[in-house]
Amino acid sequence: MALRVYNTLTRRDEEFKPLEEGRVRIYVCGITPYDKSHIGHARPSVFWDVVRRYLTYLGYQVTLVQNFTDIEDKLIAKSKETGTPPAEIAEKYAADYLVAMDKLGVQRADAYPRASQVIPEIIEMTKALIAKGYAYESSGDVYFRAEKFKGYGKLSGKKLEELRPGARVEVSDLKESPLDWALWKASPEDEPGWPSPWGRGRPGWHIECSVMVQKYLGTPIDMHGGGTELIFPHHENEIAQSEAYLGKEPYVRYWIHHDMLNLEGEKMSKSLGNVISLDEILRKYDPMAVRLYLLSAHRRKILEFSDELLRSAEKGWERIRNGFSRAQEFLSNPRFGGARDPLNLQREVARCNEEFFKAMDDDFNTPSALASIFDLITAINAHVVTSGGETSDSRGREAVAEAYGTLLRLCGILGLAPVTEKVQDTVDARLVEGVIKLLTEIREKSRKEKDYRTADAIRERLSSLGILLEDTPAGTKWRFIR
RNA sequence: GGCGACAUGGCCAAGCGGUAAGGCGAGGGUCUGCAAAACCCUUAUCCCCGGUUCGAUUCCGGGUGUCGCCUCCA
């Protein structure tokens, strides 16, 4: 088994081999925190979290860095509008973003550098590019000569001749060619700026990533992630300026892009105004269901957004959770007999395990990996007997323990954790549990007396409060529902 | 206009040369006082037309459709 990944640069699946054995260095383009995050922002975060968990599981030491662009036109515009300093706006939304990521179970990156924190390095790199003849100063701006870099267009597959007539590039008298882009821009008095050899100014867009990659990871890095919309011009330019500066290639060994999230067939994006905030989604749906939804399509495919899909994911997540509880319950109660056909269960578990890794090795095929998890759930449900009374069977117990361990491991790689549904406040939690227990006992009594009207009324009332009662041979169980 | 991606059941979504994983939904059955959960069964020939092949959803060519990039964007 070997991990294969699709590399945007070569346009094919390649076997993944890190530069340095046992170590993987990853840089992912983060967000510009100038407004609330939407679900589209959660896709790369969850995807890369899974990559990281998987690589870590495989034994690699993974370093992942993700930037926050805190100097940018929209941020500056918003600052002028509201009178709040750009840095303050950026930090507020960055913090919100991280809180949402925590909810989604995304492990924190090793570093979240801000553009404003790497100004000296940006100036150094810009100076070096000028010295090498790849960049030139023009009225306080510094531009990169796109056409001077011979590999320009290799990532996006664009040719210089095709780009020129396009004429949709920002035209400026300050540039030698419309394809050139700013490494450094002069700042007006009322906008943020830093002193530089070219006067007061601020970095261009692409340069921060080049600098952060070098500063925090060292080149070449193994994987660079980002959305497909960043392939051109952002990543194309990033390669050009970095390789021109470093004087060697590659700058990045595997370019790994994810596709967009669509709303009613159109890309969800702020500029189109068709965004759905992450906050809203996380209020409405179980974060793990959201995670399941985000992993339900391969990273290179467009993911359609709809409430129906989220609801469907929530049902799927419930199924996984129920499978967990079934196995847990069995294992925690030695009275429960065993597995129906332990050998068959073991065989199924082994099969699901194998399929799961095969899927993950195939360019992180999470939808296929999820299918293995669902198969595993079905096997557990079909084999595990939690209807008490029967004598213990060690072989059966072992098979179930193994199934449970596998489920835990596979779900762990995808970051799907069955959170125990305890209420935060312990006093409230105890109260709720006590009251439900009381009601359950009363209902139990009614059922014994065949007073089903009372029993059903209790169940219905609790159900409308979001508490589901289930009568099983082992007694009445309850859980929260939405 | 240039470049590129995709088109699989009611809704999602894997597979990509040997006659279609999985989830949600729907229908039937088992269990249950009834529910719930769960299990079992049923629910597709893969956009169209050509070609290559013993054989194509899977490869090639041509259509049609949808989306993305070429401008800020995860």
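This is a predicted model: local features need pLDDT of at least 70, side-chain atom pairs count only at pLDDT 80 or more; totals for chains, interfaces and linings use all residues.

Reader: Okay, how many helices and strands are in chain A?
Author: Chain A has 15 helices and 15 strands, where helices (H or I, at least four residues) and strands (E, at least two) are DSSP runs numbered from the N terminus. Its C-alpha trace spans about 90 × 50 × 35 Å along the principal axes.

Reader: And what share of the residues in chain A is buried?
Author: Of the 482 residues in chain A, 51% are buried; buried means under 20% relative accessible area, exposed over 50%, and partly exposed in between, with a 1.4 Å probe and protein chains only. Among contacts (heavy atoms within 4.5 Å) between residues at least 6 apart in sequence, 76% join residues at least 24 apart.

Reader: Can we look at one helix, say α10: how far does it reach?
Author: Helix α10, residues 307–332, has 26 residues and reaches 37 Å from its first C-alpha to its last, close to the 38 Å expected at 1.5 Å a residue; the expected span is 1.5 Å times one less than the number of residues. Its buried residues include Leu 310, Trp 317, Arg 321 and Phe 330.

Reader: What covers those buried residues of α10?
Author: The cover includes the helices α8 (278–284), α9 (287–294), α12 and α13, together with the strands β13 (303–305) and β15 (475–480).

Reader: Switching to α15, which residues are buried there?
Author: In α15 the buried residues are Ala 455, Ile 458 and Leu 462. They cover an arc of only 65° around the axis, which puts them on the same side of α15; the arc is that of the directions from the helix axis to the C-beta atoms.

Reader: Why do residues three or four places apart point the same way?
Author: An α-helix has 3.6 residues a turn, so residues at that spacing point the same way.

Reader: Then what is on the face turned away from the buried side of α15?
Author: That face carries the exposed residues Arg 453, Glu 460, Arg 461 and Ser 464. After α15 comes Gly 466, whose phi is positive, near 90°.

Reader: New topic: is Val 384 buried or exposed?
Author: Val 384 is buried, with a relative accessible area of 2%, although it is found in the loop between α12 (366–383) and α13 (394–413). Leaving aside neighbours within four places in sequence, Val 384 is in contact with Arg 326, Phe 330, Gly 338, Arg 340 and Val 400.

Reader: And Asn 237, what does it touch?
Author: Not counting residues up to four places away in sequence, Asn 237 touches Tyr 152, Trp 181 and His 206. Asn 237 lies in helix α7 and, at 3% relative accessibility, counts as buried.

Reader: What about aromatic rings, how many pairs are found?
Author: A search of the whole structure finds 18 aromatic pairs; rings of Phe, Tyr and Trp (its six-membered ring) pair if their centres lie within 6.5 Å, and planes under 30 degrees apart count as stacked, over 60 as edge-to-face and the rest as tilted. The rings of Tyr 54 and Phe 364 have their centres 6.4 Å apart and their planes at 90°, so this pair is edge-to-face. Tyr 54 lies in helix α1 (residues 39–57) and Phe 364 in the loop between α11 (342–361) and α12, so the pair ties together parts that are 310 residues apart in sequence.

Reader: Are Tyr 54 and Phe 364 buried or exposed?
Author: Both Tyr 54 and Phe 364 are buried. By contrast with that edge-to-face pair, Tyr 134 and Phe 144 form a stacked one, 5.8 Å centre to centre with 10° between the planes.

Reader: Last one: which ring does Arg 300 lie over?
Author: Arg 300 lies over the face of Tyr 6, at 3.7 Å from the ring centre; a charge sits over a ring if NZ of Lys or CZ of Arg is within 6 Å of the ring centre and within 35 degrees of the ring normal.

Definitions and conventions. Residues are numbered from 1 along each chain as its sequence is written. Chains are lettered from A and ligands numbered from 1 in the order in which they are written. Side-chain values use heavy atoms; hydrogens and water are left out.
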